[in-house]
Amino acid sequence: MTITITAFERSPDRGKGLARDMRVRWALEEVGQPYDVRFLSFKAMKEPAHLALQPFGQIPTYEDGDLTLFESGAIILHIAERHPGLLPDDANARARAIAWIFAALSTMEPVIVDRETARYEEGKESWYDERLAYVEKRIRKRLGELSARLGDADWLDGKFSAGDLQMISVLLRLQSSALLEEYPGLCAYIARGQARPAYKRAFEAQKAVFLAISAAGNSP
Ligand code: GTB
């Protein structure tokens with residue numbers, strides 16, 4: 001049975017690959033697993049059929065036979081554990097790669113998402129610029145620490161792993177800001193991830209959805 005994931009019918013990122021289905025697509029491409037995508041409108045995401053799969057009414061989800069998963073981190077860990085290619089065989093190296101998945105999601109992503117939330121929800125407030133300065137200070141702290149750990153290495157711990165996939169996906173959320181430019185080592189790290197054939201296939205697949213909608217005169 002083919003794996004099915006869910007994605008936005010009309011992604012607000014207009015094909016930039018920033019929604020979290022991109023991470024799942026990338027992981028599936030890395031391990032060579034074919035997949036189908038069920039596209040959801042914002043309305044359908046909040047209806048009972050989807051809420052039964054994803055209690056928060058979000059994408060992505062993952063269905064494979066009788067297994068349904070939500071949370072992109074759990075999905076990527078599952079894919080990496082189920083198929084060779086994204087986690088090392090050595091038990092300790094494997095544990096460290098998994099630690100990097102968690103670091104991406106629970107240490108890096110919250111401060112990065114805080115910047116987006118501040119812009120959407122507080123961007124018009126008189127104190128927004130001051131708040132943004134604090135938010136960006138927290139992001140710089142984490143980027144500096146991550147950059148120091150990565151150093152001159154290609155990947156976070158030996159070979160490319162699901163930890164790098166998750167970390168690069170999280171860092172890409174900063175693409176629209178100038179913050180990343182202050183960390184050339186991280187820019188090169190992201191570029192290495194984006195140069196992977198699996199990343200490119202995943203990116204083109206999600207972009208094709210936006211292009212098809214635009215061609216039909218239905219720009220998101
Ligand atoms: N913790 C969950 C996971 O990792 O799976 C979070 C899932 C999540 O945030 N999903 C978002 C969603 O469904 C899409 S990815 N949002 C709709 C809703 O909550 O009602 C987040 C996202 C959305 C849009 C952009 N963008 O336009 O650039 C980037 C990222």
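## Nonpolar cores and ligand surroundings

Leaving aside residues up to four places away in sequence, L143 touches M108, L171, L174, L179, L180, Y183 and L186. The structure is a predicted model, and L143 belongs, together with M167, L171 and Y189, to the residues with the most contacts inside its largest nonpolar core, a set of 53 residues. Two or more residues of this core come from each of β1 (3-8), α1 (21-30), α4 (72-82), α5 (91-122), α6 (128-150), α7 (162-171), α8 (184-194) and α9 (197-215), and α5 gives the most, with nine residues. The core draws on both domains, taking at least three residues from domain 1 (3-85 + 198-215) and at least three from domain 2 (91-196). Apart from this core lies another, of five residues, among them F8, A19, L40 and M45. In soluble globular proteins, nonpolar side chains tend to be buried together.

The ligand is surrounded by 14 residues, of which R20, K46, I59, E71 and S72 are the closest.

| Residue | Protein atom | Distance to a ligand oxygen atom |
|---|---|---|
| D13 | polar backbone atom | 3.2 Å |
| R20 | polar side-chain atom | 2.7 Å |
| S72 | N or O atom in the side chain | 2.6 Å |

Taken alone, the ligand exposes 680 Å², and the protein buries 78% of that area.

Definitions and conventions
Residues are numbered from 1 along each chain as its sequence is written. This is a predicted model: local features need pLDDT of at least 70, side-chain atom pairs count only at pLDDT 80 or more; totals for chains, interfaces and linings use all residues. Side-chain values use heavy atoms; hydrogens and water are left out. A nonpolar core is a set of buried Ala, Val, Leu, Ile, Met, Phe, Trp, Tyr and Cys residues joined through side-chain atoms within 4.5 Å. Buried means under 20% relative accessible area, exposed over 50%, partly exposed in between (1.4 Å probe, protein chains only). Helices (H or I, at least four residues) and strands (E, at least two) are DSSP runs, numbered from the N terminus. Domain bounds come from an automatic or database domain assignment. Contact means heavy atoms within 4.5 Å. A residue is near a molecule or strand if one of its heavy atoms lies within 4 Å of it. A polar contact is a pair of N or O atoms within 3.5 Å; within protein, one must be able to donate a hydrogen and the other to accept it, and residues adjacent in sequence count only if both atoms are side-chain atoms. Accessible areas come from the Shrake-Rupley method with a 1.4 Å probe; for residues, only the protein chains shown count as cover.
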